[in-house]
Amino acid sequence: MLQDHFITSKVTSKSQTVIPMAVRNKLGLKPGDMVRYRFREDHVEIEKLAAEGDGFDPFMAFHEWASAEDEEAFKDL
């Protein structure tokens with residue numbers, strides 16, 4: 001069973017932050033990798049994006065098409 005584990009990171013005056021080493025290790029992040037932030041009801045998730053040519057989806061940038069309604073409407077495509 002996973003226990004809650006909290007790590008904090010400070011946001012700078014330019015709204016930047018460092019992704020903590022434990023998070024980078026967990027996601028396998030390396031310099032140049034892309035991450036995506038997914039908004040949920042009460043939190044935000046961060047995930048590593050696949051590299052181009054490795055399942056990379058250039059259309060994921062069009063977040064206006066990423067609503068729950070859109071996912072439901074296009075789930076069979």
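Me: Where is I46 found?
Reply: I46 is found in strand β2. Bear in mind that this is a predicted model.

Me: Which residues make a nonpolar surface patch with I46?
Reply: Y37, F39 and V44 make the patch together with I46, and its area is about 430 Å².

Me: Which strands supply that patch?
Reply: β1, residues 35-39, and β2, residues 44-48, each supply at least two of the residues in the nonpolar patch.

Me: And F39, where does that one lie?
Reply: F39 lies in strand β1.

Me: Why does F39 count as exposed?
Reply: Because the relative accessible area of F39 is 66%, and exposed means over 50%.

Me: Stepping back, what is the secondary structure of the protein?
Reply: There are two helices and two strands. Along the sequence they follow the pattern α-β-β-α.

Me: How much of the protein counts as buried?
Reply: Of its 77 residues, 3% count as buried.

Me: Pockets next. What volume does the largest pocket have?
Reply: The volume of the largest pocket is about 810 Å³.

Me: How many residues line the largest pocket, and which lie nearest its centre?
Reply: The lining has 22 residues, and those nearest the centre are H5, I7, P20, V23 and I46. The elements giving two or more residues to this lining are α1, residues 21-27, and β2.

Me: Which element gives the largest share of the lining?
Reply: α1 does, with four residues.

Me: What classes of residue are in the lining?
Reply: The lining of the largest pocket has twelve nonpolar, seven polar and three charged residues.

Me: You listed V23 and I46 near the pocket centre. How far apart are V23 and I46 in sequence and in space?
Reply: In sequence, V23 and I46 are 23 residues apart. In space, the C-alpha to C-alpha distance is 9.5 Å.

Me: New topic. How many salt bridges does the structure hold?
Reply: The structure holds five salt bridges.

Me: What does R38 meet in a salt bridge, and at what N to O distance?
Reply: The side chain of R38 meets that of E47, at 2.9 Å from N to O.

Me: How far apart are the closest N and O atoms of D33 and K30?
Reply: They are 3.9 Å apart in the salt bridge between D33 and K30. D33 is partly exposed, with a relative accessible area of 27%, whereas K30 counts as exposed at 52% relative accessibility.

Me: Where is D33 placed?
Reply: D33 is in the loop between α1 and β1.

Me: And how far is D33 from K48, in sequence and in space?
Reply: D33 and K48 are 15 residues apart in sequence, with 7.3 Å between their C-alpha atoms.

Me: One last item, backbone angles. What is the phi of S15?
Reply: Phi of S15 is near 60°, which is a positive value in a residue other than glycine.

Me: Where is S15 found, and is S15 buried or exposed?
Reply: S15 is found in the segment before α1. S15 counts as exposed, because its relative accessibility is 63% and the exposed class is over 50%.

How values were computed
Residues numbered from 1 in each chain as written. Predicted model: local features only at pLDDT ≥ 70, side-chain atom pairs only at ≥ 80, totals over all residues. Heavy atoms only, no water. Patch = residues over 30% accessible without salt bridge, like charges linked within 9 Å, V, L, I, M, F, W, Y side chains within 5 Å. Areas by Shrake-Rupley, 256 points an atom, 1.4 Å probe, with all protein chains shown as cover. Salt bridge = Lys/Arg side-chain N within 4 Å of Asp/Glu carboxyl O. Buried < 20%, exposed > 50% of the residue type's maximum accessible area, 1.4 Å probe, protein only. 1 Å grid on protein atoms, 1.4 Å probe; cavity = no way out; pocket = protein on both sides within 12 Å on 5 of 7 lines; lining within 4 Å. Points joined across faces, edges and corners; volume = space filled by probe spheres on them. Nonpolar A, V, L, I, M, F, W, Y, C, P; charged D, E, K, R; others polar.
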